[in-house]
Amino acid sequence: MVIKSKTLIALSALTDKMEIDIASLESKTDEELGAKLLSVILKNLHKAEVEFYELIARQKECTVKEAEDVDIFEFIKDLVNMPGVADFFRSARGSGQQKSSASFGSTTEKN
């Protein structure tokens, strides 16, 4: 599945509405960052419940009602591993953090 532009825009709005400061999530490995990000998303999900269902529906091309029954852990895992999403999080971390050595995937970001 390919990430759609509207999905990235929705993801940006969700992280903003859930008040997730991606740049502040310190980690030594991609796995650690992913675990921290998942924890923060789940902790703040109630702040953007409707928007999250809409994001799922948009990405999975289903109704919002059907999106309510999607396995949220699998969806988040699949979403984070989609091409383009890693770049989104990498960019969000880089814009708020001057010295970041953590990144998603095999590429490293130089600041």
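Mentor: A residue is called buried when its relative accessible area is under 20%, exposed when over 50%, and partly exposed in between (1.4 Å probe, protein chains only). On that scale, 37% of the 111 residues in the protein are buried. This is a predicted model, where local features need pLDDT of at least 70, side-chain atom pairs count only at pLDDT 80 or more, and totals for chains, interfaces and linings use all residues. Residues are numbered from 1 along each chain as its sequence is written, and side-chain values use heavy atoms, with hydrogens and water left out.

Start with the layout. The protein has six helices and zero strands. Helices (H or I, at least four residues) and strands (E, at least two) are DSSP runs, numbered from the N terminus.

H3 covers residues 49-60 and H5 covers residues 72-80. Two packed helices are described by the angle between their axes and the distance between the axes. Here the axes come within 12 Å and cross at roughly 65 degrees. The axes are lines fitted to C-alpha atoms, for helices over the stretch in contact, with angles from 0 to 180 degrees between N-to-C directions. H3 passes H5 in a left-handed crossing. That word means the near helix is turned anticlockwise from the far one by less than a right angle; clockwise would be right-handed.

Which residues in H3 and H5 meet? From H3 come Phe52, Leu55, Ile56, Gln59 and Lys60. From H5 come Ile72, Phe75, Ile76 and Leu79. By class, this contact has seven nonpolar, one polar and one charged residues. Ala, Val, Leu, Ile, Met, Phe, Trp, Tyr, Cys and Pro count as nonpolar; Asp, Glu, Lys and Arg count as charged; the others, Gly among them, are polar.

Look at Ile76, which lies in helix H5. Ile76 counts as buried because its relative accessibility is 6%. Setting aside neighbours within four places in sequence, Ile76 is in contact (heavy atoms within 4.5 Å) with residues including Leu38, Ile41, Leu42 and Phe52. Ile76 and Ile56 are 20 residues apart in sequence and 9.4 Å apart in space, C-alpha to C-alpha.

Side chains of opposite charge can pair when their charged atoms come close. A salt bridge is a side-chain nitrogen of Lys or Arg within 4 Å of a carboxyl oxygen of Asp or Glu.

A second bridge joins Glu19 and Lys47 (3.3 Å, N to O). Glu19 is in the loop between H1 and helix H2 (30-44), Lys47 in the loop between H2 and H3, 28 residues apart. Glu19 is exposed at 63%, while Lys47 is partly exposed at 32%.

Finally, confidence. The predictor's confidence in each residue, pLDDT, runs from 0 to 100. The protein averages 76, and 73% of the residues score at least 70. Over residues 97-111, pLDDT stays under 50. Where pLDDT is low, the predicted coordinates should not be read in detail.
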